[in-house]
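Today I opened my notebook to look up charged side chains that pair up. Here is the structure I worked from.

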Amino acid sequence: MQPLWLLASLLALSQALPFEQRGFWDFTLDDGPLMMNDEEASGADSTSGLPDPDSVTPTYSAMCPFGCHCHLRVVQCSDLGLKSVPKEVSPDTTLLDLQSNHISELRKDDFKGLQHLYALVLVNNKISKIHEKAFSPLRRLQKLYISKNHLVEIPPNLPSSLVELRIHDNRIRKVPKGVFSGLRNMNCIEMGGNPLENSGFEPGAFDGLKLNYLRISEAKLTGIPKDLPETLNELHLDHNKIQAIELEDLLRYSKLYRLGLGHNQIRMIENGSLSFLPTLRELHLDNNKLSRVPSGLPDLKLLQVVYLHSNNITKVGVNDFCPMGFGVKRAYYNGISLFNNPVPYWEVQPATFRCVTDRLAIQFGNYKK
């Protein structure tokens with residue numbers, strides 16, 4: 001029965017996460033830090049708090065809160081109607097799953113003694129208040145999942161060992177300067193689904209962070225934030241209200257290889273804007289209001305995937321995607337989507353896609369007025 005509830009817990013957790021996390025339940029067997037979906041998106045320090053199974057003696061394995069399932073230092077207490085963090089959690093616990101309960105507050109001593117805790121899952125509760133010292137005992141915590149709660153601010157005094165924070169679908173309107181101070185190991189933040197506007201980010205809010213992955217989707221952004229970490233490899237700003245990309249909007253983000261801007265209201269991308277992204281591999285501009293293919297794509301030598309479907313594009317030029325001449329582009333396209341655009345695809349010249357791997361990589365048609 002143990003493998004069954006463990007598998008069920010994994011499936012439930014994955015539904016609450018907006019991007020895939022590989023090897024989440026195998027962290028006790030890792031020799032190094034967990035990687036994100038693309039190995040290059042990881043920047044975790046191998047000495048940043050990963051629990052060593054040999055150094056943790058399961059002296060307290062008999063302790064298990066009433067109604068919970070406990071196995072191999074994993075304590076699973078989801079869907080129990082809990083109104084507070086349970087007591088009698090074994091001090092050798094490395095993963096504590098409290099998702100889908102009725103917890104409304106995290107108190108000072110709720111996690112007392114849990115110094116080996118590596119991952120804390122609090123998704124889908126009613127948390128609106130967190131004591132400033134609630135996370136103090138969690139010296140090795142790397143993953144904090146506190147999405148789908150009632151938070152109006154980023155929790156204070158997050159553990160310095162934290163690598164990944166998922167706080168989407170809360171009520172956060174402001175990210176003040178210094179809230180992430182001291183989090184030198186952090187490389188992934190998911191904070192979409194909050195009513196954040198551009199003015200909600202104080203100057204210097206992300207100072208000191210060396211993030212690889214940041215997602216601020218389903219918010220109220222009207223433009224690309226200009227003060228995000230320069231270290232970003234992935235930036236996802238889909239489902240916002242962005243209307244244009246101006247010349248220097250992407251100046252800071254030269255290390256991006258994946259940029260998500262789908263489901264916005266983008267009508268214009270200023271010439272030269274994309275030239276600041278020399279390592280870009282994926283560009284998502286689907287479900288916007290573009291009337292033409294953005295200029296500058298042929299100059300992005302590593303670009304392989306471009307999503308342009310569901311726009312207002314009426315014409316595709318022979319040099320819109322591929323550079324003139326031969327041997328210039330280092331990576332061939334393996335995906336270009338242009339479907340659901342009013343472009344007469346039969347008029348597009350075959351040479352337009354001369355730097356595409358094969359014809360199946362191109363998606364046309366299905367346009368409906």
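Are K143 and E164 buried or exposed? I found that K143 is buried and that E164 is buried too; buried means under 20% relative accessible area, exposed over 50%, and partly exposed in between, with a 1.4 Å probe and protein chains only.

A note to myself on the source: this is a predicted model, where local features need pLDDT of at least 70, side-chain atom pairs count only at pLDDT 80 or more, and totals for chains, interfaces and linings use all residues. Residues are numbered from 1 along each chain as its sequence is written, and side-chain values use heavy atoms, leaving out hydrogens and water.

Next I looked up the contact itself. The side chains of K143 and E164 form a salt bridge at 2.7 Å, N to O (a side-chain nitrogen of Lys or Arg within 4 Å of a carboxyl oxygen of Asp or Glu). K143 sits in strand β7 (residues 143–145) and E164 in strand β8 (residues 164–166), so this pair ties together parts 21 residues apart in sequence. Strands are DSSP runs of E with at least two residues, numbered from the N terminus. I also saw that R166 joins K143 and E164 in a network of salt bridges.

Then I checked R215 and D238, whose side chains meet in a salt bridge at 3.1 Å, N to O. Both R215 and D238 are buried.

My last pair was K226 and D249, with a salt bridge at 3.2 Å, N to O. Here K226 counts as exposed at 55% relative accessibility, while D249 is buried at 5%.

How many salt bridges are there by this rule? I noted a count of eleven.

Technical notes:
Helix = DSSP H or I, 4+ residues; strand = E, 2+ residues; numbered from the N terminus.
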